[in-house]
Amino acid sequence: MCIMASCLSPNWSVFDIDQSQTLQMAVQVDHARSQPLAIRGGGSKTFYGRQTPACDLLDLGGHRGIIDYAPNELFITLRAGTSLQALEAQLAEAGQMLPFEPPHFGPAATIGGTLACGFSGPSRPYAGSARDTVLGMRILNGQGEILRFGGQVMKNVAGYDVSRLMVGALGTLGVLLEVSLKVLPRPDSTVTLVRPMDPVTAVQRMNHWAGQPLPLSATAYDGEHLYIRLSGTGSAVRAAQTRLGGERLPDAEAAAFWVTLREQRHVFFQGDAPLWRLAVAPATPPLPLGDQILIEWGGGQRWLRGARDATALRQLAAEHGGHATLFRGGDRRGEVFHPLTPPLLAMQQRLKAAFDRRAILNSGRLYATL
Amino acid sequence: MPASPDRTALLVELQAALSADAVLRSAEDLRPYECDGLSVLRELPLCVVLPTDREGVQAVLQICQRHGVAVVPRGAGTGLSGGARPIRDAVLLSLARLHHIIAIDRENRTARVQPGVRNLAISEAARPLGLYYAPDPSSQIACSIGGNVAENSGGVHCLKYGLTVHNLLELDVLTATGETLRIGSQALDSPGYDLLALMTGSEGLLGVVTECTVRLLPVPEHVLVLLAAFSSVEAAAESVSAIIAAGIIPAGLEMMDRLAIEAAEDFVHAGYPRDAAAILLCELDGPAVELEELVREVETLLQRYGARAIRIAEDAATRLLLWKGRKAAFPAVGRLAPDYYCMDGTIPRQRLAEVLGRITAWSAEYGLRVANVFHAGDGNLHPLILYDANAEGQLHAAEEFGRRILELCVAVGGSVTGEHGVGVEKLDSMCVQFNAAELAQLHRIKHAFDPEGRLNPGKAVPSLHRCAELGAMHVHHGQLPFPELERF
């Protein structure tokens, strides 16, 4: 079937285009034939999730454009295929930003793909997640119905929160067509401090400081040094800087450090060894997993390299209130996400069927049976 | 739902499973549960059960499952949309006796609590550690965290600190069949679908929360409140936009119109300027050095947009006095007329002047006064329609007026409910906000959790049948063709 990708090159047009109807038709056709679809935005995150058999491609890359942006209302509405770069440039022009500082993982990254993966960057523990930012969505369900949930306002409790449910669902519940997001002003001042520290103290400090009224906006520990980013008004940042101490990184170097970390271009991420992500209760002391570890999110996100015993790793993460994901590399034909308890999996299977009865949308990308 | 459950056998089983005082069945005992905060709608349930622990809740759900009886969960009963309103043939499940704070984790900054714990009690317990629970609905002294999860409650600080959904980490949930689900995690995310988002605000239709972990935040170093008076609501609204455009996110931003100001002033004497067309309350929090800068900036902006009198409250006593008028606005307005109908729509702030203009015109048309209280930071408008239920036709007029306001909210890009929920009150308005395919999708979600439809049936999401009938109603120029349908 030649619906999108094969007909239009990614740079086919510089103009914004609404392809909702074409995309809807494509899903309806494949629904009618029970033909599985693989949803693709910019193709920058194909490494993520489970490997699935080849199937029809539904390309969202051409469905782009900002529909409504009201800086004073702190929201933006845009088509899901809009590039993350274009979105961030537009926000920066108005002195605003996406609060969750998403990783791009490539210049072609789209906002739809970012939300479908549920990726958040260094600011996540202090400014909220990708999901927290969502105000509303227009989606296509598995039958090809266009449905709108949520809106452009902060408060909206009419109906179940379907739009936030889409975040992190890897497109298995619906094709994201349009999203409305909460945006925030960029801080006046940002300073990054660095201090040599042992891992136990680093985790303690990150959590101790998070319990104080400090303008923290990111923290990371690379095995030797603790990096602390402060963002806010100049006076608040200066006061916190004096209080926390440490060496101040030059601004350009600091900005580069956080981008490198966010985009996984830091030396830690180099090479082909499998990359594991552990999400745990943030104050969890350093875990006995060797020295190939990078800690982010105030202790809440821990990266690990190398082939590991998945079962043991998952058990360890669960003991500390969290879960483990095979983020990159390794065997992606098996389950890459933390196994769900049987009742939880059964519930999620029923939910999948509620949105996508014939299981045509990105099926198997998240779990083999979703 | 079966029409006539075997009531006696059901009660015997419930009594056997719970303690003797945990099953209420006499009309006298049921009376306090006949409504929630939406007191116009009253009904006595089949019985009220008051389990004290998770096992008790599970037993109730399993027994009701066996008997095919519906269950209506209830927290503190402070909800304003009838979400906890009893159903005659259903068991009312009160979570009030699950009221223990299980643990406060200082290092991870979380509180693990049972659903019946009062919202404010969490912050009180965390305070010695310099922490608090951010969402603060106006009923926080009485409302329970389980109810907050069911309604996705906000509060005056949600522009900066978010709603309940932004401050939750983990839920223990029992489904309609009594099955246990642990949703979320102690980490910042969890694998699979984001059921935490789906459960939050689901109005007790998807599951019963038996325990939850909430995120605690550090208590801000310093707080101050500015009060500004304006000669027009437009100017007040523009000043709000200007503050946000300047890159300032206040902790709270509240607006009141003239009738609300007068009512509040008569009631609590907060010192509000009676001659103002609108007042704005702006709360700033943060480090003292930051507030020194911000307060000057905000003051300048307010003046630029025509604020006439600006008062700044730095000490706790003055701050509380300024907030007192706003927090007492509902009861204060309640003194102006025998009855009032509280609406809860959201609108993009830039449409405020237009929406208020239409409300003023309709107010004249219906001959009913309206006081407006507005969470200006997040676009949540509470028009309070004054009426007298004993005066011929006024209740009907107030309801119709209210429905038109909500339809207008949807038309300008907002929502029929910002924070009070749909319950039974806004079922008709849901037909305006969602089309048939969307409602069908919501019903399929419900079905995935509760295939028999026994958990809080008839609430939150209207049947397609109901909406179809309502569509017919519109065709008939407002004459109600189905008088047996609830109209509220």
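At what angle do helix 8 (residues 233-245) of chain B and helix 10 (residues 288-304) of chain B pack? The angle is about 145°, and the axes of helix 8 of chain B and helix 10 of chain B are 9 Å apart. Axes here are lines fitted to C-alpha atoms, for helices over the stretch in contact, with angles from 0 to 180 degrees between N-to-C directions. Helices (H or I, at least four residues) and strands (E, at least two) are DSSP runs numbered from the N terminus.

This is a predicted model, in which local features need pLDDT of at least 70, side-chain atom pairs count only at pLDDT 80 or more, and totals for chains, interfaces and linings use all residues. Residues are numbered from 1 along each chain as its sequence is written, and chains are lettered from A and ligands numbered from 1 in the order in which they are written.

| Element | Residues in the contact |
|---|---|
| Helix 8 of chain B | Ser239(B), Ala242(B), Ile243(B) |
| Helix 10 of chain B | Val298(B), Leu301(B), Leu302(B) |

By class, these residues of helix 8 and helix 10 of chain B are five nonpolar, one polar and no charged. Ala, Val, Leu, Ile, Met, Phe, Trp, Tyr, Cys and Pro count as nonpolar, Asp, Glu, Lys and Arg as charged, and the others, Gly among them, as polar.

**Interface with chain A**

In the interface, 75 residues of chain B are in contact with 65 residues of chain A. Elements giving two or more residues to the chain B side include helix 8, helix 10 and strand 9 (180-184) of chain B. Helix 16 of chain B gives the most, with eight residues. The side of chain B that touches chain A has 31 nonpolar, 30 polar and 14 charged residues.

**Buried positions**

A residue is buried if 20 or more other C-beta atoms lie within 10 Å of its own, exposed if 12 or fewer, and partly exposed in between, with C-beta atoms placed from the backbone. In helix 4 (residues 119-126) of chain B, the buried residues are Asn119(B), Ile122(B), Ser123(B) and Ala126(B). Seen down the axis of helix 4 of chain B, these fall within an arc of 90°, so they line one face of the helix. The arc is that of the directions from the helix axis to the C-beta atoms.

In chain A, Gly113(A) belongs to helix 3 (residues 111-117). Gly113(A) is buried because 32 other C-beta atoms lie within 10 Å.

Methods. Two residues are in contact if their C-beta atoms, placed from the backbone, lie within 7 Å.
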